[in-house]
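I opened this one up to see how the chain is put together. My notes follow in the order I looked things up.

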Amino acid sequence: MKLRLNEICPIHRSRFCCGREQRPRNRKLWAPVRRIEDPHHPRGYREIRSPAELRKILNRKIVEQDTKCGICRRRFTDYDEIVPDHIQPKGLGGGRRDDHPDNIQAVHRRCNLKKGSKHL
């Protein structure tokens, strides 16, 4: 009797024995920064960044903004309350999101929620 591809072998307790070949896994590699060509954008491209890269930009922005919120201009007191904010909101153009450093600012979570998808 032949074992199915997903069935565990009772002898070897493995899915990849007794003549069955291991299926190649299609792993999607995530680049830290993806450039998407966009002829309608002023730069000619948009950037989409991984969460880790966005965190690095956020840390740089905190220092550049002298530890002040980009919206209310009050000082940050707790790191957990700081979130990245898109100056040109991605909510207004969902599929046209741009994570370029010029479009990111560090803000309080409550300020970002109050702003929503508006230009300020």
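Ground rules first: helices (H or I, at least four residues) and strands (E, at least two) are DSSP runs, numbered from the N terminus. The model is predicted, so I kept in mind that local features need pLDDT of at least 70 and side-chain atom pairs count only at pLDDT 80 or more, while totals for chains, interfaces and linings use all residues. Residues are numbered from 1 along each chain as its sequence is written, and side-chain values use heavy atoms, with hydrogens and water left out.

**Layout.** I counted two helices and four strands in the chain. Along the sequence they run β-β-α-β-β-α.

**Burial and surface.** I use buried for under 20% relative accessible area, exposed for over 50% and partly exposed for in between (1.4 Å probe, protein chains only). By that rule, 32% of the 120 residues in the chain are buried. I then looked up the accessible surface (Shrake-Rupley method, 1.4 Å probe; for residues, only the protein chains shown count as cover). For the chain it comes to about 9200 Å², with 52% belonging to carbon and sulfur atoms.

**Contacts.** A contact here means heavy atoms within 4.5 Å. Taking contacts between residues at least 6 apart in sequence, I find that 52% join residues at least 24 apart.

**Strand β4.** How many of the five residues of β4 are buried? Five of the five in residues 104–108 are, so the strand is largely enclosed by the rest of the structure. I checked the faces too: I104, A106 and H108 are buried on one side, and Q105 and V107 are buried on the other. Next came pairing, where two strands pair if DSSP finds at least two bridges between them. Strand β3 (residues 82–86) pairs with β4 in the antiparallel sense over five bridges. I followed one of these from D85, whose bridge partner in β4 is Q105.

**Core.** A nonpolar core is a set of buried Ala, Val, Leu, Ile, Met, Phe, Trp, Tyr and Cys residues joined through side-chain atoms within 4.5 Å. The largest one has nine residues: L58, I62, C69, F76, I82, V83, A106, V107 and C111. The elements giving two or more residues to this core are α1 (51–64), β3 and β4. I zoomed in on L58, which touches I82, V83, P84 and A106, leaving out residues up to four places away in sequence.

**Rings and charges.** My cut-off for a charge over a ring is NZ of Lys or CZ of Arg within 6 Å of the ring centre and within 35 degrees of the ring normal. Which ring does the charged end of R35 sit over? It is that of Y45, with the charge 3.6 Å from the ring centre. R43 also lies over the face of Y45, at 5.2 Å from the ring centre.

**Loops.** T67 is in the loop between α1 and β3. Its phi is positive, about 50°, although T67 is not a glycine. With a relative accessible area of 32%, T67 is partly exposed. R73 lies in the loop between α1 and β3, and R73 has a positive phi of about 65° although it is not a glycine. Is R73 buried or exposed? At 55% relative accessibility, R73 counts as exposed. Last stop was R97, in the loop between β3 and β4 and partly exposed at 23%. Its C-alpha is 10.0 Å from that of I36, 61 residues apart along the chain.
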